[in-house]
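The sequence and model come first, followed by notes grouped by topic.

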Amino acid sequence: MIFILFIMAYILLGLAAWVNGDPRRVAYPTDSQGYFCGQKGTPNENKSILFYFNLLTCTSPSVVVNLQCPTTQICVSKCPERFLTYMEIQFKYKNDSEYWTYYSQFCRTTFLKPAETLSQVLLDNDCPSAIYPSKPFLQRCFPDFSTKNGTLTVGNKTVFDDGSGKTRNAAELRRAANGINKALDARAIGVKVFEDYAMTWYWILIGLTIAMFLSWMFVMLLRFTAGLLFWIFTFGVIGIIAYGIWRCYLEYSRLQEQPSSRLNAYTIGIQTDISMYFRLKQTWFALMIILCLLELFIILMLIFLRNRIRISIALLKEGSKAIGYLPSTLIYPALTFFFLSVCISYWAVVALYLATSGAPIYKVIAPQGHCEHENKTCDPVGFNTTEIAKACPGAQCHFAFYGGKSLYHQYITTFQLLNLFVFLWLINFVIALGQCALAGAFASYYWALKKPDDIPPYPLFTAFGRAIRYHTGSLAFGSLILAIIQMFRLILEYLDKRLQEAQSNISKFLKCCLRCCFWCLEKAVKFLNRNAYVMMAIYGKNFCKSARDAFNLLMRNILKIAVMDRVTDFVLILGKILVAGCIGVLAFLLFTERLPVIIEGPTSLNYYWVPLLTVIIGSYIIAHGFFSVYAMCIETIFICFWLSSLTTALCLYGACATHIHRTGMFSISTSS
């Protein structure tokens with residue numbers, strides 16, 4: 001019920017944000033008066049580009065503090081294409097009025113002629129003192145930089161008049177728009193990347209389809225190859241370590257016969273050249289001892305844990321067989337992906353509407369960054385006649401952000417935190433629902449006495465419906481615990497970023513300890529929750545009882561679980577690398593045009609590694625989705641196996657009927 005109430009509150013929060021927010025404030029640039037550029041139905045409908053009066057002031061310290069350039073910004077229909085200053089216009093206007101017609105479109109108010117003096121224009125912020133050749137980018141006018149014979153230029157000029165009598169160079173203007181120029185460079189790269197995707201998108205889809213087929217084949221063939229893969233890798237590691245021991249012995253023997261064999265680490269001291277230490281026989285002797293100990297440890301582990309390793313391999317084979325009987329489970333990751341996409345989209349939209357809620361707020365910005373009234377709220381109407389303008393010459397009243405004084409606007413930050421918390425809760429709930437549904441399906445396979453006849457029809461659909469109907473509260477409770485831990489971790493990371501410069505060594509140490517503790521706690525809770533959901537799917541108990549039973553079962557079989565996890569992780573990681581590697585090699589040969597005889601791939605790619613990385617990462621994600629189902633299958637079968645072993649033991653001691661009546665297990669697998 002609490003979970004449903006939170007979801008209802010989340011929906012109401014989204015409606016409130018939708019009523020008060022306006023995402024156009026992100027889509028359209030905003031001028032100094034808080035009006036949108038290019039918005040339909042407004043005077044700026046045909047003026048979609050933002051123009052800065054004096055871009056050179058964007059190097060002011062107030063830019064860093066207020067994230068706003070301290071110069072007048074207006075909406076224009078196009079960017080300036082030539083060099084002109086206000087002083088030049090006053091002289092050229094007398095001979096040709098076209099100059100003023102062109103220049104006046106970059107003024108805040110309309111004048112019939114440039115009658116005002118330069119000082120008056122600058123004081124009233126009616127017109128820019130100078131304009132430069134510019135190009136629109138992200139709906140903003142930025143200087144048209146280019147390189148001529150290795151020299152940076154603006155409009156083919158290296159120096160220019162800034163309109164106030166000072167001569168400036170292109171480098172100064174470049175520093176003022178440094179961040180934007182990085183974005184301009186990124187735009188060119190982005191265009192090339194888009195072209196590569198346009199040429200290779202169908203090849204990428206073909207590669208991802210092949211990755212799905214390979215992942216399915218790998219899971220199906222594990223019943224025959226699981227043991228072979230594990231033992232090949234294990235004996236391969238033993239062989240590699242043995243070769244390392246032999247190599248170390250040869251180097252030690254060679255150095256033993258040389259005159260410099262008496263040298264040691266104390267003789268040569270601390271060296272920055274690491275290769276110096278490999279000229280010492282003590283180094284090779286130490287490496288040989290370490291490798292011998294490692295070899296002995298691996299061999300002893302294989303000897304003493306051979307039975308548990310055999311059980312783990314048998315479980316891997318049984319898991320492959322289970323998925324063969326329940327192929328619909330491999331489709332479930334797509335459903336989980338859909339639910340996660342809905343949650344992420346809703347969270348992003350609500351966060352956007354919350355961030356754009358309210359009315360325009362204006363603040364005082366001083367170009368030089370020295371004003372006692374800086375960063376205070378102000379009214380742009382008649383600002384030049386206020387006491388602030390007199391106390392701080394050059395200060396301006398500019399749009400800063402959107403806000404308000406109502407109760408809703410005062411709690412915007414709280415609403416954003418609520419949005420994030422419920423988002424984490426829903427994400428963990430969706431994952432928990434998938435784990436419980438898959439565990440129920442695989443448990444129905446295990447407890448079927450005669451396979452496949454006794455497997456219920458539509459086991460995944462039945463298990464999913466059972467999880468929704470009977471276990472929603474338990475799943476919500478488990479995911480709530482995980483969401484609280486993740487929320488604490490995010491708050492800790494946020495405080496770390498904000499207070500990074502004001503931290504002492506003690507606070508940094510405590511911060512690292514807290515981050516480590518919360519990371520370990522999150523991992524432990526995830527592991528316990530997953531096993532609790534399996535117990536919940538089998539017995540139908542609530543979360544707390546299922547978590548207790550799962551914990552007790554895990555503690556009684558901690559060594560078996562450790563071996564099974566390592567064997568399973570190794571096989572699945574090997575499968576992921578195998579799938580992604582095979583697809584990656586084929587994509588590399590195709591995108592680098594090395595398969596012209598077999599198949600003709602795309603030609604003239606700008607960056608062949610862009611579609612290549614897309615195919616490799618996409619293949620790995622697809623393989624991870626398939627193998628996550630397989631890992632859940634192994635974990636469920638393992639728990640069912642030990643539960644059936646426990647039931648058999650109780651039957652031998654005469655408590656079988658009581659245990660079956662209490663637990664509700666009416667059939668035991670003959671394989672147990």
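UniProt positions are given in the numbering used here, feature names are shortened, and annotations may be inferred rather than shown by experiment. The model is predicted, with local features needing pLDDT of at least 70 and side-chain atom pairs counting only at pLDDT 80 or more, while totals for chains, interfaces and linings use all residues. Residues are numbered from 1 along each chain as its sequence is written, and side-chain values use heavy atoms, leaving out hydrogens and water.

**Start of the chain**

- An unreviewed UniProt entry annotates residues 1–16 as "signal peptide".
- In the model this span is 94% helix and 0% strand, and its end C-alpha atoms lie 22 Å apart. Helices (H or I, at least four residues) and strands (E, at least two) are DSSP runs, numbered from the N terminus.

**The largest pocket**

- The largest pocket has a volume of about 1,600 Å³. On a 1 Å grid over the protein atoms alone, a pocket is an open set of points with protein on both sides within 12 Å along at least five of seven lines, whereas a cavity is a set where a 1.4 Å probe fits but cannot get out; lining residues have an atom within 4 Å of a point. A volume is the space filled by probe spheres set on the points, which are joined across faces, edges and corners.
- Its lining has 49 residues, and His624, Gly625, Phe627, Ser628 and Val629 are the closest to the centre.
- Helix H21 gives the most to this lining, with 13 residues; helices supplying at least two residues include H12 (332–355), H15 (412–446) and H18 (505–539).
- By class, the pocket lining has 28 nonpolar, 13 polar and 8 charged residues. Ala, Val, Leu, Ile, Met, Phe, Trp, Tyr, Cys and Pro count as nonpolar, Asp, Glu, Lys and Arg as charged, and the others, Gly among them, as polar.

**Helix packing**

- H12 and H15 pack at about 175 degrees, with their axes 10 Å apart. They are therefore roughly antiparallel to each other (angles over 145 degrees count as such, between N-to-C directions on a scale from 0 to 180).
- The contact of H12 with H15 has 21 nonpolar, 4 polar and no charged residues.

**Cavities**

- The whole structure holds 5 cavities of 30 Å³ or more.
- About 90 Å³ of space lies in the largest cavity, whose lining includes Phe51, Tyr52 and Cys141.
- Strand S6 (140–143) gives the most to that lining, with 3 residues.
- The cavity lining divides into 10 nonpolar, 1 polar and no charged residues.

Notes:
Parallel < 35°, antiparallel > 145°, perpendicular 65-115°, else oblique.
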